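Please read this briefing with the sequence and the model side by side, and look up each residue as it is mentioned. The points are grouped by topic.

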Amino acid sequence: MEQLLTLPDVAIRYVSSNGDWMTEREESVEDIVWVLVLEGKIGIEMDAFEYRLQDSESIVVQPNQSYRLFADSIETTYVSFRFIASRLNGFENRVNPMFPSIAVMSIRKLLGEWSSRGFLEIDITDDVMTFIQSHLLHTSLEDEDMLAPVLRVIHDSYHTELRIEELSRIVHQSKYQFIRSFRERIGQTPYQYITRQRLIHAKSLLRYSDLTLLAISQEVGFNSSAQLNKHFTEWVGCTPARFRENKGHQLKRD
């Protein structure tokens, strides 16, 4: 399934597919292209480089870069935003080409709102640009969802011991009410969401640091390198050591 919406300042493409696929090579020309993975894994070729991304990871294609997207026999869903950088004040000076930890809930919530409006039958360009700016420039997007305070705690303290009972008290719910409402709104249990945040940051450390696996485990909140290895292999499809060996360019399972 593919949906395309073109607004005055941004073009949004939403793609959900199953199996092998590959896009035509495109040129960003004078635009910025932000590719954001919602589910599964995709690869992206940019000029002479190749990257692998999976759910909640994203990458920015700078102006005058060529790129091509592809996937390998797995269900994938991604959204791409093509826009003019000058539309966002200060974007050119503050953008980082990789964004490994984007707030998945906010993205899915916004896409859900778009779909409920007939995939943007009305012009909400300002809403879209505010969303892009809030994530790419590391400012906060106001989220009226009742779970927003809990998500802020998780994102700030994923590397510490987070007890479900303490998180449930933030939203004045019992432990089991909280687990149920969290799963209904986010699509994961609190434990799964916390684990996912730890793994996202572990991937970044494996890519960009020389820390040992034990040090990375402790840095992101796992009790041991064995625990990191177990969860990482289940989620990414390869061991942390193999992921580091391939410099994060791992798409196929071992």
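Of the 254 residues of the chain, 50% count as buried, where buried means under 20% relative accessible area, exposed means over 50%, and partly exposed covers what lies in between, with a 1.4 Å probe and protein chains only. This is a predicted model, in which local features need pLDDT of at least 70 and side-chain atom pairs count only at pLDDT 80 or more, while totals for chains, interfaces and linings use all residues. Residues are numbered from 1 along each chain as its sequence is written, and side-chain values use heavy atoms, with hydrogens and water left out.

**Overall make-up**

- The chain has 10 helices and 11 strands; these are DSSP runs numbered from the N terminus, with helices being H or I runs of at least four residues and strands being E runs of at least two.
- Among the contacts in the chain with a separation of 6 or more, 68% are accounted for by residues 24 or more positions apart, and contact here means heavy atoms within 4.5 Å.

**The largest nonpolar core**

- The largest nonpolar core has 15 residues, and those with the most contacts inside it are Val-35, Ile-42, Ile-44, Tyr-67 and Leu-69; such a core is a set of buried Ala, Val, Leu, Ile, Met, Phe, Trp, Tyr and Cys residues joined through side-chain atoms within 4.5 Å.
- The elements that give two or more residues to this core are the strands β5 (32-39), β6 (41-46), β8 (58-61) and β9 (66-71).
- If its neighbours within four places in sequence are left aside, Ile-44 is in contact with Val-35, Phe-49, Glu-50, Tyr-51, Leu-53, Ile-59, Val-61, Tyr-67, Arg-68, Leu-69 and Phe-70.
- As general background, nonpolar side chains tend to be buried together in soluble globular proteins.

- Helix α7 has 19 residues and reaches 27 Å from its first C-alpha to its last, close to the 27 Å expected at 1.5 Å a residue, where the expected span is 1.5 Å times one less than the number of residues.
- Because 14 of its 19 residues are buried, α7 is largely enclosed by the rest of the structure.
- The axes of α7 (residues 190-208) and α9 (residues 225-236) come within 10 Å and cross at roughly 90°; axes are lines fitted to C-alpha atoms, for helices over the stretch in contact, and angles run from 0 to 180 degrees between N-to-C directions.
- On the α7 side the contact is made by Tyr-191, Thr-195, Arg-196, Leu-199, Ile-200, Ala-202, Lys-203 and Leu-206, and on the α9 side by Leu-228, His-231, Phe-232, Trp-235 and Val-236.
- Sorted by class, this contact of α7 with α9 has nine nonpolar, two polar and two charged residues, with Ala, Val, Leu, Ile, Met, Phe, Trp, Tyr, Cys and Pro counted as nonpolar, Asp, Glu, Lys and Arg as charged, and the others, Gly among them, as polar.
- Phe-232, which lies in helix α9, counts as buried at 0% relative accessibility.
- Not counting residues up to four places away in sequence, Phe-232 touches Leu-199, Lys-203, Leu-206, Gly-237, Cys-238, Thr-239, Pro-240 and Phe-243.

**The loop between β8 and β9**

- Asn-64 lies in the loop between β8 and β9 and has a positive phi of about 65° although it is not a glycine.
- Asn-64 is exposed, with a relative accessible area of 59%, whereas Gln-65 is buried, with a relative accessible area of 17%.
- Gln-65 also has its place in the loop between β8 and β9, and its C-alpha is 5.8 Å from that of Glu-27, although the two are 38 residues apart in sequence.
- Apart from residues up to four places away in sequence, Gln-65 touches Glu-26, Glu-27, Ser-28, Met-46, Asp-47 and Val-60.

**The loops on either side of α5**

- His-172 lies in the loop between α5 (164-170) and α6 (175-186), is exposed with a relative accessible area of 73%, and has a positive phi near 60° without being a glycine.
- Thr-160 lies in the loop between α4 and α5 and is partly exposed, with a relative accessible area of 32%.
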